[in-house]
Amino acid sequence: MSNRDWVGRSLAAVWHPCTQIQRHERFPLVPLARGEGAWLFDYDGRRYLDAVSSWWVNLFGHCQPKIVAAVNEQLGRLEHAMLAGFAHAPAVELAERLSARCEGRLGHAFFASDGASATEIALKMAFHYWRNRGHEGKHRYVSLAGSYHGETLGALSVTDVALFRDQYAPLLRPGMQVPVPDPRYALPGETAEAQTARCLRTLEELFARDHAEIAALIVEPLVQGAGGMAMYSPAYLSGARSLCDRFDVLLIADEIAVGFGRTGSFYACQQAGIWPDLMLLSKGITGGFLPLSVVLATDDIFRAFYDTDVARGFLHSHSYSGNPLACRAALATLDLFAERDVLADNARIGAHIDERARALRARADVRHFRRCGMIWAFEVDSAGPDFAQRLFAAALEQSLLLRPMANTVYWMPPYVLSEADADHMVDATCRALDRVASP
Ligand SMILES: *Cc1c(COP(=O)(O)O)cnc(C)c1O
């Protein structure tokens, strides 16, 4: 089979996500035959460096051999069993190890299969927590401008990305949004500290007015991914934590994209020295092998549901909750963090990438070049129509997988880049930008 064979069949039979399919009349679709490390290979023998970890999930690249072995071993032992009324080692061990990573502060793991479901669970749990504690009126949620928490209806209600939201707006519960201290939107002459303080004041005013109705504040700690890789200071998180405590609002940290070392610490919240009441994990959790998400909850929340009354329990379930194969993939991913100092290695390759990217950064059309851990992003000026798709296509020509969002270009590479891979990522991005700038 060649690329050509698969393109037609795929476009006819598969409804591709987040895509206006008609655009594939003009822009390529790439059938993938296999993956290895940071690279993906098509059917015509071309390869592409996966600079976005395939939508941020393949933390250690593709077909990482130790995860392959762990899943294979689990396959021959127990592929799946329902979790209600049963237990199995992979789910128990994973819950324990994730909790140990947050000093035991979030010791109760509720399993689902994807990120949006984790958001739904956290929203329901927060509401039900307050209800069980006699605060029926707390049923509203606060999220940050530019937030992304998934695309199911509940998650979309706390998401602020017009492209995903606008068409479905009549179906959503109106949420409350507060500004985020994104330096790109600082007032003229405003320092980072002043901007953070200003955003926290807005949050404080909202809480002071409406806290009797607010169940939770949900945030993407440090980096807002799908909203355009906005990066903000940890000081905002610690300030938000204090305000949540003061006004009896739960703090939900959506670490679906930023957990597992992506921002430079294992969990992003650690950089602010705080823990949330509920933490959401998914994406990189299985190293990109299998769908899995987890909501980690505090003792306080868990205890509010612990009762003789069934209806006071958390009434939510998914067929594949705690799937043993997915949990084993996650345990193998955690083993990789235990084996070598991944964060230190990432810091080294990160510094190398920064150095290599100097010329890119200095380009006249590149603005707001920024980095948080293993995430880099920048905007391209006067990008023109269909920029994201044109750059995507131009990068493929350069053996690179990029997935720009509007005029924001970002790298979120797997933690297995060699220096040569890193150089390729930076240099191919420059060449692709040149092509798109002067066709
Ligand atoms: C991707 C993402 C989600 C949704 O996860 P899905 O598995 O795609 O449903 C939620 N929150 C954040 C921050 C994400 O990046």
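This is a predicted model: local features need pLDDT of at least 70, side-chain atom pairs count only at pLDDT 80 or more; totals for chains, interfaces and linings use all residues.
Student: What makes α4 and α11 oblique to each other?

Tutor: Helix α4, residues 89-100, packs against helix α11, residues 324-339, at an angle of about 40 degrees, with the two axes 8 Å apart. Angles under 35 degrees count as roughly parallel and those from 65 to 115 as roughly perpendicular, with the rest oblique once those over 145 are set aside as roughly antiparallel. The pair α4 and α11 is therefore oblique, and the crossing of these two helices is left-handed.

Student: Which residues of α4 and α11 meet?

Tutor: On the α4 side they are P90, A91, E93, L94, R97 and L98, and these meet P324, C327, R328, A330, L331, L334 and D335 of α11. Sorted by class, this contact of α4 with α11 has nine nonpolar and four charged residues, and no polar ones.

Student: Why is α8 called roughly parallel to α9?

Tutor: The angle between helix α8 (residues 192-210) and helix α9 (residues 234-246) is about 20 degrees, and their axes are 10 Å apart. Since the label applies to angles under 35 degrees, α8 is therefore roughly parallel to α9. The crossing in which α8 passes α9 is right-handed, and the contact is made by T196, C199, L200, L203, E204 and F207 of α8 together with A235, Y236, G239, A240, L243, C244 and R246 of α9. By class, the contact of α8 with α9 has nine nonpolar, two polar and two charged residues.

Student: Which residues make the contact between α12 and α15?

Tutor: Helix α12 (residues 342-356) and helix α15 (residues 419-437) pack at about 35 degrees, with axes 10 Å apart, and α12 passes α15 in a right-handed crossing. The contact is made by I349, H352, I353 and R356 of α12 and by E419, A422, D423, M425, V426 and D427 of α15. By class, the contact of α12 with α15 has five nonpolar, one polar and four charged residues.

Notes. Residues are numbered from 1 along each chain as its sequence is written. Side-chain values use heavy atoms; hydrogens and water are left out. Axes are lines fitted to C-alpha atoms, for helices over the stretch in contact, and angles run from 0 to 180 degrees between N-to-C directions. Helices (H or I, at least four residues) and strands (E, at least two) are DSSP runs, numbered from the N terminus. A crossing is left-handed if the near helix is turned anticlockwise from the far one by less than a right angle, and right-handed if clockwise. Contact means heavy atoms within 4.5 Å. Ala, Val, Leu, Ile, Met, Phe, Trp, Tyr, Cys and Pro count as nonpolar, Asp, Glu, Lys and Arg as charged, and the others, Gly among them, as polar.
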